[in-house]
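Visitor: I am new to this structure. Could you show it to me and take a few questions?
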Amino acid sequence: MAETVLKSEDTKQFIVIKQGKEKYGINISYIHNIVRIQSITRVPKAPKYMTGVINLRGEIIPVMSLRLRFGLQAEPFTNTTRIIIVKVSGQAIGIIVDEVEEVINLRDTDMEMIIKDATDEKANYISGVGKVGTELVTLLNIEGFIVVSN
Amino acid sequence: MDISQYLEIFIEEAKEHLQSLNTSLLALEKDANDKDLINEVFRSAHTLKGMAATMGFKKMSVLTHNMENVLSEIRNDQMQVDVKLLDILFQCLDALEGYVEKIIETSNEGDGDSDALVAQLDAKLKAEMEPATIIKEVAKVDGLESTPTAGDERAAKHKKMTVTDFEAHALSRAKAEDYNCFGITIYLADSCVLKSARAFIIFRTLEKLGQLIKSTPAVQDIEDEKFDFDFSLFIVSKESAEKVKSDLMRIAEVETVLIDDIEGIVGAPEQSEEEKKESKSDIKKSTDTKNKAATTNRTVRVDIERLDTLMNLVSELIIIKNGLETVENTDQNFNDQIEYLERITTNLHDAVMKVRMVPIERVFNRFPRLIRDLARKLDKQIELNMTGEETELDRTVIDEIGDPLVHLIRNSGDHGLEIPSVRIKNGKDAVGHVELKAYQDGNNVVIEVADDGNGIDIARVKAKAFEKGTISAEQAEAMADQEIIELLFRPSFSTSDVISDVSGRGVGLDVVKTKIEALGGDIEVETALGKGSKFIIRLPLTLAIIQALMVNIADEKYAIPLNSIQNIEDVNIQDIKYIQNEEVINLRGQVVPIVRLDGILEIEREDDGRDVITVVIVKKGDKKAGFVVDSLIGQQEIVIKTLGKFLTSIRMIAGATILGDGEVALILDVNTLV
């Protein structure tokens, strides 16, 4: 799956995560850190997909489950489960994902952006689709699904 | 010219002077003939003028200049203080405060005009004096000019300076390399306020001209403003004495520059009789400044952000200490060290906390003025009594508590106190009293706002609540008086303007409550119809680190702030009674509702069928509740951290803390659970 390392201005870097059978890409500029699953303290009365809070080197950071956010079944954590710490408007939040696969470079021509439909909340979660060889990666709109959760 | 680094000093000092101006004016209103007060007001205005001029705030300096003109006439017994004049002066004060606010926001005094005020001040002056004099006075914008006065009344103090061997060596070497060595004494204008700022500019100019060898006082002292209005120095330069002198004279507020070629004065010179006299009178002249310098030297202004950083570091330290405590170790020496560490972290925490503490006076100070304006506007006579101004609170709390207090005091004056005729009819003193009291109570600071007005008419509040649909008829029947009073804190209640015609309060009380709760405090009301009401605010001493009781509920750990815990009871399950389907216990004659935390915290589990349950009795004001927990872990010092803005809507959790083993425990918000 090795991609040609292109660092010119018309490429963007994404981290590819595997969620069940599907692949999603998160723009690397949002990503602060990727950590292994650790003990999560449940927060009562929080939305269901907000799994709880963790201690990341002395900081309390809320974490959400991508599975539950997308309305999928909860699965037990495995060896590959990771928490991706992203920063949205200055605040850190963790996203629990099944597996982190790789970092890819996408040229603008490899990406197809989705025209936003403001009436469909789910559509806001996705910013487009990227083509990697023959595979398709759904590109997540981090601000879309995190701000909505507020 | 870069003066931005002095802007903060300017703002802080301007605020202080405005405050003292305010206090003096209020006192002057009571005793118009007090010479000391007039002098005080004059001095404040004068200092402000100088400061504003230094920073280039023209409008402020013109306004203060005109205030000064009027005040100076009063000082010289040419004019009398009257109500009209005081009103104008108060307006001037407001205008100045406006300028300072603007400066805080934009670093600029803005375009706000005070011509009208200046005209009023002029008119006042003209009424008393010959017109010709005024025109001359007003036309003169002083504080900005740098007219040199005759040099001969100033001593060339650099002649008295001595040099060390090293400096002498440097000087002689510079001479050998064809540099000119100068001894310079610089006098700043007496009106110069930000002296260190001026000195800074002078030193910068000198650095361009040549190299500074020595200065008296030392450069550091000059930067710290530890000098009167003059300082002396030796420099070596390629430039001529005239050039150096003219460059220095070009700097604003430099009044006199005495410059000599250094030859012959390097040795310790004799001090002439005349110079001795001169320096004596210098000292006399500057005693004022000296006293000020002596008191300010003991304090340092620190950016609050640095204190926050320090506090965060202390928090980290406490977390690590808690972590060490959980390490299983039987080594006595290790445990001794841990205990020692604990003592130090606790002391360190106390020390840092104290640094952050500010007397509540800062907030209280503005209330006499508020009451004065309120009384005039409402045509009531109001007397304000304040006690406990010295009570200290965390700086963050001080910054936030002002607005809620203003609300409460306005309410007391506006809705609480009756108009004088009604008061007399009810057999009360025509003068209404508002009392503001602050004191420390254990880990809390209590602020009370009380009035001897009409109190809250509970029946009318109830009727209004029913009318507005806030409560149903049955609810209205069942509600206790205290519950009805609490309706006033509901948002829906306060938005209505109708409420102000109920003798009670209303406008913005929900905002007051929200703000105080956000600070970790709570508010309650005591009222007696016809006698007055009292709002009691309770605030935590510190926001960041608290003592808490750690408890287990199922397999989760929670922290309950220790200051809200009254005691812990073992309760037999048979002793639980039911009132209106709610579980209660009878605790030594008092009925206390039981709160099943597992249910409220959505912990799913089977009933464990215990016969005796552990109940933590917590209190919030007069209200009590019993929290049912599985077991107690113990008391612990915890660092409060927020859950962040993605989890703000969870009301019953006040925050989270990191335990010794790195796990996160949530802190229960007693205020919302009781």
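Some questions and answers about this predicted model follow.

Visitor: Is strand E4 of chain A buried or exposed?
Guide: Strand E4 spans residues 50-56 of chain A. A residue counts as buried if 20 or more other C-beta atoms lie within 10 Å of its own. In E4(A), 6 of the 7 residues are buried, so the strand is largely enclosed by the rest of the structure. The answer is buried.

Visitor: In which sense do E4(A) and E5(A) pair?
Guide: E5 covers residues 59-65 of chain A. Gly52(A) stands opposite Val63(A) in E5(A). The two strands pair over 6 bridges, and the sense is antiparallel.

Visitor: Which residue in the hairpin of E4(A) and E5(A) takes a positive phi?
Guide: The hairpin has 2 residues between the strands. The phi in question is near 45 degrees. The residue that takes it is Arg57(A).

Visitor: How many residues of chain B are in contact with chain A, and of what kinds?
Guide: On chain A, 18 residues take part. Helix H13 (304-326), strand E21 (653-658) and strand E22 (664-668) of chain B each supply at least two residues of the side that touches chain A. That side of chain B divides into 13 nonpolar, 2 polar and 6 charged residues. The count for chain B is 21.

Visitor: What share of the residues of chain B count as buried?
Guide: Chain B has 25 helices and 22 strands. Among its contacts between residues at least 6 apart in sequence, 69% join residues at least 24 apart. Of the 674 residues of chain B, the buried share is 34%.

Terms used. Residues are numbered from 1 along each chain as its sequence is written. Chains are lettered from A and ligands numbered from 1 in the order in which they are written. This is a predicted model: local features need pLDDT of at least 70, side-chain atom pairs count only at pLDDT 80 or more; totals for chains, interfaces and linings use all residues. A residue is buried if 20 or more other C-beta atoms lie within 10 Å of its own, exposed if 12 or fewer, and partly exposed in between; C-beta atoms are placed from the backbone. Helices (H or I, at least four residues) and strands (E, at least two) are DSSP runs, numbered from the N terminus. Two strands pair if DSSP finds at least two bridges between them. Two residues are in contact if their C-beta atoms, placed from the backbone, lie within 7 Å. Ala, Val, Leu, Ile, Met, Phe, Trp, Tyr, Cys and Pro count as nonpolar, Asp, Glu, Lys and Arg as charged, and the others, Gly among them, as polar.
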